[in-house]
Amino acid sequence: MSGGPVGDNDLQAYIDGRLAPARAAAVEAWLAERPEEAQRVAALRQDREALKAAFGPIAAEPVPARLVAEFGRRPPQPWRRSAAAALIFAVGAAAGITGGYLLQPPPAPERRDVVRDAIGAHRVFVPEVRHPVEVAAAEEAHLVQWLSKRLGHPLKAPDLTANGFRLVGGRLLSEGSRPAALFMYENNYGHRITIHCIPEPGGAATAFQYRELDGVNAFYWIDDKLAYAVIGTVQREKLLEVAKVVYAALELK
Amino acid sequence: MTGVSALILEQVPALRRYARALTGDRERADDLVQDTLARALSRLHLWRPAASIRPWLFTIMHNLFLNERRRSSRTTPLVGEPAEPALDRADSRAVMDDLDRALGQLADDQRAAILLVGVEEMSYEDAARVLGIPIGTLMSRLSRGREQLRRLLDGDGRPRIRRVK
C-alpha cells in the first residue's frame, strides 16, 4: 500500500474525491478488506452528493434585486471568455479527459448568444412543477417526431438512465426566429438537466465547450448544422459525463 | 462598477446557496447575504487583492452568522416548517426538507465545515481559514459532522432519503 496506514483524514479526502489517484487506490484496497467500513464510507459519500444536489440549484436562482442594489446594475457579461476558456482546460484536466475534442479553444463569438438563451430557457422551465414539458416522456416517439419535423433535422432523446437521469419530456422553443428543441431529464432527487438542440445553419462543427452562468453549468458544441447544449446545476464533472453520453448518442444516429 | 464589485457579485449565487443551507431558511439566508455584502463593501480596504475574494467573503458571512446565533437564543429553531402543502411537494423538496432538518440539528461548526467542503467545494485550507480553525480541527469537525448527519438522516423514524443507484 502506498503512503502508510489509512486514517480518517484519508477517508474524508476520499469522500471528497481529493486524493491523488495512487492514494485513492490504496484507500479503496483498504476498504475492500473492510466491508462495514466501506459501506459506511459509501453512505457518507451519498450524503455528500445529496447535499450538493439539494442545495446546488440555489446558486442558479436569480439573485433578488435587494441584495445587489448597492452594487448598481449587474454587469452585462458576468463571465469572461478568457475565464471560460481557462475553465475548459481546468475541467478537462480535472475530469481526466483524454479526448482531444474537449481541449480546443472556443470559436469566435456568435451573432446571437444561443448558449446564454438556452441557459435562460433552462432557468424558466426547470422549476416548473406541473408543466415542465409540453409532451411527456410517455409519448417519447411522438415528441421526437414532432420536434424533428419542426427543426427539419432528425433528433433523438438520448438514454441517460446510466447517468441516473430519466426523460421527463420536451418542448418546442423559439431561438431568435427559429424553432429549437428542449429535452428535460430528471434524477431521483428531482434534479433536472436539459438538452437543447438549436439550428445553426452556417455553423461549422466545434469542440466541446463549457460555460458557467450564475451557477448553471453548460457544455455545448456544434455538429451537423445543430448547436447542442447540455445544461444543469449538477456538478461540472457529472454534467460532462452526461454531455459525453449525449454527444456519443447523437453521433450514432 | 469597479472590478472588485464585479468579483464580489460573481460570488453572490454561491453565498446565497451557503447561507440557505447554513440557516435552513430562505429569508434569513438572504438577510445574511445582504449583511455580508454590506460589510464587505465597507471593509473593502481590508481585502488584499492578491488573496482570493471567495474565502474572504465567506469568512465575513461566517462571522456574521455566528454573531447572529449568539444574539438569538440557541433554542430558536433553525429549521422552519415547509411552506408548500405536501401534495405539491416534488421529490426534491422532500429530500431538501429531510436534509434541512438533519443539518439544523448539527452543531453550527460541524454544519459549516460540511457545507463549505462538500457543497461549496472549498479546499480544506480555505475552509479552515473561513472558520478560523487549524486544518486538523477542520478535518475532525468534518468527520464527526458527517457521521452525525448520517445518523440523523437514518434515524428519527423518517423515511430515508432516496438514493440514486
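Over which residues of chain A does pLDDT stay under 50? The stretch is residues 73-110 of chain A, for which the model has 41 contacts beyond four places in sequence. Here pLDDT is the predictor's confidence in each residue, from 0 to 100. Two residues are in contact if their C-beta atoms, placed from the backbone, lie within 7 Å.

This is a predicted model: local features need pLDDT of at least 70, side-chain atom pairs count only at pLDDT 80 or more, and totals for chains, interfaces and linings use all residues. Residues are numbered from 1 along each chain as its sequence is written, and chains are lettered from A and ligands numbered from 1 in the order in which they are written.

## Chain A overall

The mean pLDDT of chain A is 80. In this chain, 81% of residues reach 70 or more. Chain A holds eight helices and seven strands. Helices (H or I, at least four residues) and strands (E, at least two) are DSSP runs, numbered from the N terminus.

Of the 253 residues in chain A, 37% are buried. A residue is buried if 20 or more other C-beta atoms lie within 10 Å of its own, exposed if 12 or fewer, and partly exposed in between; these C-beta atoms are placed from the backbone. Among contacts in chain A with a separation of 6 or more, 57% come from residues 24 or more positions apart.

## The sheet of chain A

Seven strands form an open sheet with antiparallel pairing. Their order is β1-β2-β3-β4-β7-β6-β5 (chain A). Two strands pair if DSSP finds at least two bridges between them. The edge strands are β1 (135-136) and β5 (209-213) of chain A, and each pairs on one side only. Strands of a sheet pair through backbone hydrogen bonds, either parallel or antiparallel.

| Strand pair | Bridges | Residues standing opposite |
|---|---|---|
| β1(A) and β2(A) | two | A:A136 and A:G169 |
| β5(A) and β6(A) | five | A:R211 and A:A218 |
| β6(A) and β7(A) | seven | A:A218 and A:I231 |

Strand β6(A) is largely enclosed by the rest of the structure, because seven of its eight residues are buried. The hairpin of β5(A) and β6(A) has two residues between the strands, and A:D214 there takes a positive phi near 50°. The hairpin of β6(A) and β7(A) also has two residues between the strands. In that hairpin, A:D224 takes a positive phi near 50°.

Helix α6 (residues 114-125) of chain A covers β2, β3, β4 (192-199), β5, β6 (216-223) and β7 (226-232), and runs at about 130° to β6(A). Helix α7 (residues 140-151) of chain A lies across β1, β2, β3 and β4, at about 20° to β2(A). Axes are lines fitted to C-alpha atoms, for helices over the stretch in contact, and angles run from 0 to 180 degrees between N-to-C directions.

## A:P179

A:P179 sits in strand β3 (residues 178-186) of chain A. This proline counts as partly exposed because it has 17 C-beta neighbours inside 10 Å. Beyond its neighbours within four places in sequence, A:P179 is in contact with A:R150, A:L151, A:L172 and A:S174. A:R150 is 29 residues away along the chain, yet the two C-alpha atoms are separated by 6.7 Å.

## Helix α6 of chain B

Seven of the eight residues of helix α6 (residues 124-131) of chain B are buried, so this helix is largely enclosed by the rest of the structure. The buried set is B:Y124, B:D126, B:A127, B:A128, B:R129, B:V130 and B:L131. Their cover includes α3 (53-71), α5 (108-118) and α7 (135-154) of chain B. Just after α6(B), B:G132 takes a positive phi of about 65°.

Helices α3(B) and α6(B) pack at an angle of about 35°, with their axes 8 Å apart. α3(B) contributes B:P55, B:F58, B:T59 and B:H62 to the contact, and α6(B) contributes B:D126, B:R129, B:V130 and B:L131.

## Where the chains meet

In all, 36 residues of chain A are in contact with 39 residues of chain B. On the chain A side, the elements giving two or more residues are α1 (8-15), α3 (35-55) and α4 (65-68). The largest share, ten residues, comes from α3(A).
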